[in-house]
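Student: I'm new to this one. Can you walk me through it?

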Amino acid sequence: MSEEQKYMMDIGTIFHNLFFSYQKSLKNVLGTGSEIFVDPTINLLLNIEEEDKLKLVSSPTLEEALKNFGDFLVKSKVIQSYDIAKTGEEKYAFKINECVWAGHIHKTIEPKDVVCPFGLVAMALYKKFTGSRVNERESTYYPNGSQTTLEPLQT
């Protein structure tokens with residue numbers, strides 16, 4: 001790994017850790033009330049995407065958009081692999097395998113009650129393509145990855 005690549009990974013580590021720390025702090029202070037920030041965050045991400053053309057949603061279908069996002073993460077070498085499973089009508093599981101940051105951060109803060117940063121992007125893609133807010137507000141964590149459920153909000 002070149003010195004430049006190491007710095008890029010270090011920057012990613014800082015942002016990944018910051019995002020988890022922020023979510024965890026919100027949850028500690030506000031309890032389940034912290035979940036009110038998920039949808040505004042997703043909306044803002046989609047607005048930024050539309051304005052800056054980050055190509056998160058340039059695919060014609062949700063499945064292709066999730067696949068393109070997963071492929072991007074693999075090519076950037078921040079994860080080793082990913083899985084997308086359709087688990088029901090309008091319900092998907094987006095799983096990250098062997099994330100470069102998971103081994104450290106999952107052990108340090110035990111993020112059982114927050115959304116994986118990559119899961120949050122998957123949630124934004126889900127909303128963009130289905131028009132539905134997502135039901136889950138947390139990811140399931142493993143020692144070296146996570147899984148985020150994507151399904152419409154039950155009202």
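Student: How many cavities of 30 Å³ or more are there?
Tutor: Keep in mind that this is a predicted model. A cavity here is a set of grid points where a 1.4 Å probe fits but cannot get out. With that rule and the 30 Å³ cut-off, the count is one cavity.

Student: How much space lies in the largest cavity?
Tutor: Its lining includes His16, Phe20, Cys99 and Tyr141. As for the space in the largest cavity, that's about 40 Å³.

Student: Which elements give two or more residues to the lining of the largest cavity?
Tutor: Among the lining residues you'll find His16 and Phe20, Ala102 and His106, and Gly145 and Ser146. By class, the lining has seven nonpolar, four polar and no charged residues. The elements giving two or more are H1, helix H4 (102-109) and strand E4 (145-150).

Student: How are H1 and H5 placed to each other, roughly parallel or roughly perpendicular?
Tutor: The axes of H1 (residues 3-30) and H5 (residues 117-130) come within 10 Å and cross at roughly 75°. Angles of 65 to 115 degrees count as roughly perpendicular. H1 and H5 are therefore roughly perpendicular.

Student: Which residues of H5 does H1 meet?
Tutor: The contact of H1 with H5 has five nonpolar residues, one polar and no charged. From H1 come His16, Phe19 and Phe20, and in H5 they meet Pro117, Phe118 and Leu120.

Student: How many charged residues are in the contact of H2 with H5?
Tutor: The axes of H2 (residues 38-52) and H5 come within 9 Å. Glu50 of H2 and Lys127 and Lys128 of H5 are among the residues making the contact. Alongside eight nonpolar and two polar residues, the charged ones number three.

Methods:
Residues are numbered from 1 along each chain as its sequence is written. This is a predicted model: local features need pLDDT of at least 70, side-chain atom pairs count only at pLDDT 80 or more; totals for chains, interfaces and linings use all residues. Side-chain values use heavy atoms; hydrogens and water are left out. Axes are lines fitted to C-alpha atoms, for helices over the stretch in contact, and angles run from 0 to 180 degrees between N-to-C directions. Helices (H or I, at least four residues) and strands (E, at least two) are DSSP runs, numbered from the N terminus. Angles under 35 degrees count as roughly parallel, over 145 as roughly antiparallel, 65 to 115 as roughly perpendicular and the rest as oblique. Contact means heavy atoms within 4.5 Å. Ala, Val, Leu, Ile, Met, Phe, Trp, Tyr, Cys and Pro count as nonpolar, Asp, Glu, Lys and Arg as charged, and the others, Gly among them, as polar. On a 1 Å grid over the protein atoms alone, a cavity is a set of points where a 1.4 Å probe fits but cannot get out, and a pocket is an open set with protein on both sides within 12 Å along at least five of seven lines; lining residues have an atom within 4 Å of a point. Grid points are joined across faces, edges and corners, and a volume is the space filled by probe spheres set on the points.
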